[in-house]
Amino acid sequence: NLPRLLLANAAMAGILVGGQIVLAGALVGSQLERVAALALLIGAGALVYFAIVFASGAYTLTDFKRHALRR
C-alpha cells in the first residue's frame with residue numbers, strides 16, 4: 001500500500017504546486033479572493049488524493065467503514 005499512498009501524495013503535491021502557479025493572482029488579491037483560492041486548492045488536493053487512494057485500492061470502502069465505526 002505504501003507505493004500507492006506515495007503516488008497519491010505526489011499527485012496531491014503536484015496539484016497544489018500547479019494550482020499555486022495558476023492561482024497566483026488570486027493568492028495575492030483581496031481577502032475574499034485568497035480565501036476562495038485556498039479553499040479551491042485544498043478541495044482539489046483532497047479530491048485528487050482520495051480519488052487515487054480509492055482507485056488504486058490502497059484504501060477501500062470496507063477499510064473506511066471499519067475505521068469509521070470503531071469506537
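Phe-50 is found in helix H3, where helices are DSSP runs of H or I with at least four residues, numbered from the N terminus. This is a predicted model, in which local features need pLDDT of at least 70, side-chain atom pairs count only at pLDDT 80 or more, and totals for chains, interfaces and linings use all residues. Residues are numbered from 1 along each chain as its sequence is written, and side-chain values use heavy atoms, with hydrogens and water left out.

| Residue | Relative accessible area | Class |
|---|---|---|
| Phe-50 | 46% | partly exposed |
| Glu-33 | 40% | partly exposed |

Glu-33 also sits in helix H3, and its C-alpha atom is 9.7 Å from that of Leu-23, 10 residues away along the chain.

Now for the inward side of the helix. Ala-37, Leu-41, Gly-45, Tyr-49 and Val-53 of H3 are buried. An α-helix has 3.6 residues a turn, so residues three or four places apart point the same way. The buried residues of H3 pack against helix H1 (2–22) and helix H2 (24–27), with contact meaning heavy atoms within 4.5 Å.

How far apart are the end C-alpha atoms of H3? They are 37 Å apart, which agrees with the 38 Å that its 26 residues should span at 1.5 Å a residue; the expected span is 1.5 Å times one less than the number of residues. After H3 comes Gly-57, with a positive phi near 85°.

Terms used. Helices (H or I, at least four residues) and strands (E, at least two) are DSSP runs, numbered from the N terminus. Buried means under 20% relative accessible area, exposed over 50%, partly exposed in between (1.4 Å probe, protein chains only).
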